[in-house]
Amino acid sequence: MSELYIRVAEEENEEPMEIPSEDDGTVLLSSVAAQFPGACGLRYRNPETQCMRGVRLVEGVLHPPENDWGNLVYIVNYPKDNKRKMEEIDAATVVKIKRGFQKTSDLIVLGLPWKTTEQDLKDYFSTFGEVIMVQVKRDAKTGNSKGFGFVRFTDYETQTKVIAQRHMIDGRWCDCKLPNSKACPDEPMRSRKIFVGRCTEDMTTDDLRQYFMQYGEVTDVFIPKPFRAFAFVTFADDQVAQALCGEDLIIKGVSVHISNAEPKHNNSRQMMDRGRFGAVHQLFPNFPGGSASLAAMFDRSQYHFPSSHV
């Protein structure tokens with residue numbers, strides 16, 4: 001007797017697979033389960049009534065309907081709980097694989113206490129997940145901490161969790177975030193200078209310097225005179241400056257807004273300044289110091305201010 005195959009599929013609209021039958025025309029459930037793990041039976045659609053019918057199963061043996069398998073396509077039955085569980089497992093696997101392609105980045109940790117060491121940083125962040133790297137930025141000459149550092153995790157999910165909250169490290173609240181260079185890889189340049197808007201007249205350069213030193217080394221603080229409710233702060237590290245952009249901070253009880261102090265390259269204001277320079281030079285050709293003095297005078301406006309603060 002030639003070997004007979006029946007057509008079996010997981011769903012009605014899927015391509016069927018041929019499963020061998022036994023010499024007596026029956027099909028072993030184990031033969032079906034070998035191709036469709038977890039299968040507990042078969043069903044088929046009755047051509048006359050268009051209803052689904054179950055195939056008789058006796059002690060692991062599937063019997064053909066009306067003693068003939070015919071050319072029907074038989075659909076695999078699964079236990080409901082097992083099928084649901086398998087679908088959940090498959091979905092979780094897809095998510096895990098997808099996350100596996102997302103690489104972690106170096107996160108900047110702002111506001112570190114001066115006493116915090118790299119071991120302290122590793123001990124703290126290891127409670128969230130496996131840590132690949134930690135670094136506390138230090139002054140090259142003195143070896144003292146600059147008040148910020150970096151951490152990198154193995155798992156992307158851990159990185160996301162860490163960014164989403166503030167952290168109490170050595171008794172001080174710290175922020176952990178992606179540097180702007182990582183969040184916006186197409187950014188053409190990174191400035192070490194930030195624009196501090198909504199300043200009040202009682203804020204001095206020393207006040208601003210002392211406040212921003214908690215984030216990193218401050219190289220310059222500039223408050224224009226006459227007072228115009230803003231200031232510029234320059235850091236030694238551009239990553240610290242970029243990480244603060246977009247933040248609202250409280251200084252002396254006042255909320256100030258931090259934004260980029262973007263160098264003016266080929267913008268309309270620069271063209272306007274050039275026009276003003278040319279006009280003044282024509283009016284005052286014998287201006288002391290000539291072009292150099294005029295250039296220095298207009299160089300003070302080399303940074304544009306956010307329109308909301310001018």
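Author: Two residues are in contact here when they have heavy atoms within 4.5 Å of each other. The model is predicted, so local features need pLDDT of at least 70 and side-chain atom pairs count only at pLDDT 80 or more, while totals for chains, interfaces and linings use all residues. Residues are numbered from 1 along each chain as its sequence is written, and side-chain values use heavy atoms, with hydrogens and water left out.

Helices (H or I, at least four residues) and strands (E, at least two) are DSSP runs numbered from the N terminus. In these terms, threonine 154 sits in the loop between β11 (145-153) and α4 (156-163). Leaving aside neighbours within four places in sequence, threonine 154 contacts Thr104, Glu130 and Ile132. Its C-alpha atom is 6.1 Å from that of valine 131, a residue 23 places away along the chain. Buried denotes under 20% relative accessible area, exposed over 50%, and partly exposed the range in between (1.4 Å probe, protein chains only). Threonine 154 has 42% relative accessibility and therefore counts as partly exposed.

Strand β11 also holds arginine 152. A salt bridge requires a side-chain nitrogen of Lys or Arg within 4 Å of a carboxyl oxygen of Asp or Glu, and by this rule there are 8. In one of them, arginine 152 pairs with aspartate 106, with the closest N and O atoms 3.3 Å apart. Aspartate 106 lies in the loop between α2 (80-100) and β9 (107-110), 46 residues from arginine 152. Both partners are partly exposed: arginine 152 at 28% relative accessibility and aspartate 106 at 23%.

Because aspartate 248 belongs to strand β17, the pair ties together parts that are 50 residues apart in sequence. From the loop between β14 and α6, aspartate 202 bonds to lysine 252 at 3.9 Å, N to O; lysine 252 is in the loop between β17 and β18, 50 residues away. Salt bridges with shared partners join Asp202, Asp207 and Lys252 into one network.

Helix α6 itself (residues 205-212) has Leu208, Tyr211 and Phe212 as its buried residues. These fall within an arc of 85° seen down the axis, so they line one face of the helix; the arc is taken from the directions from the helix axis to the C-beta atoms. Asp206 and Gln210, on the other side, are exposed. The buried residues pack against several elements, among them β14 (193-197), β17 (248-251) and β18 (254-260).
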